[in-house]
Amino acid sequence: MAGLEKKSRVLGQEERRRVAYHEMGHALVAASLPGVDPVHKVSIIPRGVGALGYTMQRPTEDRFVLARHDLANRIAVLMGGRASEALIFDGEVSTGAADDLQRATEIALQMVTRFGMDETVGQRTYSAAPHPFLGTPAGGVEASDTTEREIDVAVRDIITKAFEQATAILRTRRTDLDEGGRLLLAQETLTVDQFPAIRPVTKQPETVG
């Protein structure tokens, strides 16, 4: 599921440490929030085209309708890697969150332009019409310049709140973050049985935003 191992891709010690904390950040935020798929495995073994590590989540049920807080929590999980890096490395972030930021932006943009989930922008659709043959969104936003600015601000605010939420969770779970990072560096791959801290918590914290 995560792609083939890239045994030829050898990371330096500091890079491995950064990747370990990045992935553990994803895992702990996912374990701390409702409405997201539970973590199955965390690894810092490079795989696929560009992945230096991965956090594997598996759904426990089919879901066809998602509430706003479900989508916001998924964005928080995506921002957990960067939040962890910022927390551990004194605010110094890296390029490792590029894919996370892209996915987070895509979700936030759909929340605002397709699902009408921002009060300022309003409850209407601003996404371009679906392709008549493929039945999929054509991409882009159909709105005035003023509304496009509001959309930009709304998307930024959603992602900013998700980052702040992820940071707050990881500050609270700093002991688990350090222990998980240490174990990942030693073992390279962890399952929920090997590190129970990444199991979904019983008492869920409130969402932000």
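1. Two strands count as paired if DSSP finds at least two bridges between them. With that in mind, this predicted model holds an open sheet of three strands in the order β2-β1-β3, and the pairing in this sheet is antiparallel.

2. The strands at the edges are β2 (54–57) and β3 (189–191), and because each has a single partner strand, one side of each is left without a neighbour in the sheet. Neighbouring strands of this sheet are turned against each other by 15° on average, when direction is ignored.

3. Two packed helices are described by the angle between their axes and the distance between the axes. For helix α3 (residues 98–113) and helix α4 (residues 145–172), the axes come within 9 Å and cross at roughly 125°, which means that α3 is oblique to α4. The crossing of these two helices, α3 and α4, is right-handed.

4. Which residues of α3 and α4 meet? On the α3 side they are Ala104, Thr105, Ala108, Leu109, Met111, Val112 and Thr113, while α4 contributes Ile151, Ala154, Val155, Ile158 and Ile159. Sorted by class, the contact of α3 with α4 has ten nonpolar residues and two polar residues, with no charged residues.

Definitions and conventions:
Residues numbered from 1 in each chain as written. Predicted model: local features only at pLDDT ≥ 70, side-chain atom pairs only at ≥ 80, totals over all residues. Heavy atoms only, no water. Helix = DSSP H or I, 4+ residues; strand = E, 2+ residues; numbered from the N terminus. Axes fitted to C-alpha atoms, helices over the stretch in contact; angles between N-to-C directions. Parallel < 35°, antiparallel > 145°, perpendicular 65-115°, else oblique. Left-handed = near helix turned anticlockwise from the far one by under 90°. Contact = heavy atoms within 4.5 Å. Nonpolar A, V, L, I, M, F, W, Y, C, P; charged D, E, K, R; others polar.
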